[in-house]
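Let's take a friendly walk through a ligand site and a cavity. Please have the model open beside you as you read.

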Amino acid sequence: MPALTFIATANAISYCNAIPHFVESEESSLGIDPKALRAYLLVHTEQRDGHCVNKNTGRVVRALVLMHTFGHPSCLDELLAIAYDFNLTMIEDAAESLGSQYRSRHTGTFGRLGTLSFNGNKTITTGGGGAILTNDSALAIRAKHLTTTAKLPHAWHYVHDEIGYNYRLPNLNAALGCAQLEQVSQFIAAKRALFKRYEAAFAGVNGIQIKKEPADCLSNYWLQTLVLERNQIEKRDAILNAFNEAGYMSRPAWTLMHQLEPYRHCPRMDLDMAESLANRLINIPSSAVLAEVRGG
Ligand SMILES: *Cc1c(COP(=O)(O)O)cnc(C)c1O
């Protein structure tokens, strides 16, 4: 999984008693760097009976979990090839990328399973909760079973055949989600229009770039992002202060996973680009309603 993500990606791995390995970032997508990942897997793993095994620990490496940062699709072709070559199950944390497409196909549908978030700050919201995307009907049934306390369907018997979870989306939240879904195209159009306004506004500003969708991709522009050039890093906090004092909420990207206390000891590769990006990314106001404001 990428080092540059929200902590939920790592937590999901920990809940399965698995150990995350933190992977380097690629600059144009802000997602996992396929070259760095392939090199790391070649050095640290070997294939045994169709499994990818960590040579240092003997543990099986099961999955490649990617995340589409701020709504920008990751390098899916290259990452799918790695998953295939190393016998890894690809899972997409598509929490931020509802509506984003890679070569005209929706993110979250490339892996065996993708996850969406409908948290309050996402492209559409149900207050809280999310959804799983999969084309594998057996897996869908299994997911539904596990998320609804593993109760066997029956008119009146309470029989649970394993330890499940109460992770269902309540009906009230789902109703809100249905209404939100009807507006999703307008929200995404508005966010894309907001990007155009920022792009025009920052065109003449030296040392700073507004993050544009990667080639062959359509991004939902969930969070609008400024990228400082490397020689401007020392100005970041002054920029953050100036924006926030002027009433424009802005903030840096997340603290990288390997720098967080619970994940300090996890295996990782060189994370130079991830560390550089973490120092140079600034998220700026991104709400769909901002696209309608005139002037400024
Ligand atoms: C928002 C988010 C999540 C989790 O979403 P919740 O619905 O709040 O659990 C997971 N991963 C990423 C990358 C996110 O941005």
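The notes below cover how to read the model, then the ligand, then the cavity.

## Reading the model

This is a predicted model, in which local features need pLDDT of at least 70 and side-chain atom pairs count only at pLDDT 80 or more, while totals for chains, interfaces and linings use all residues. Residues are numbered from 1 along each chain as its sequence is written, and side-chain values use heavy atoms, with hydrogens and water left out.

## Around the ligand

Asp-93 has one 2.7 Å from a ligand nitrogen, Glu-96 has one 2.5 Å from a ligand oxygen, and Ser-117 has one 2.6 Å from a ligand oxygen. Taken alone, the ligand exposes 380 Å², and the protein buries 76% of that (areas by the Shrake-Rupley method with a 1.4 Å probe).

## The cavity

How many cavities of 30 Å³ or more does the structure hold? There is 1. A cavity here is a set of points, on a 1 Å grid over the protein atoms alone, where a 1.4 Å probe fits but cannot get out; lining residues have an atom within 4 Å of a point. The volume is the space filled by probe spheres set on the points, which are joined across faces, edges and corners.

The largest cavity has about 40 Å³ of space. Its lining is made up of Ala-95, Leu-98, Leu-116, Ser-117, Phe-118, Lys-122, Thr-123 and Ile-124.

Technical notes:
1 Å grid on protein atoms, 1.4 Å probe; cavity = no way out; pocket = protein on both sides within 12 Å on 5 of 7 lines; lining within 4 Å. Polar contact = N/O pair within 3.5 Å; in protein donor to acceptor, adjacent residues only side chain to side chain.
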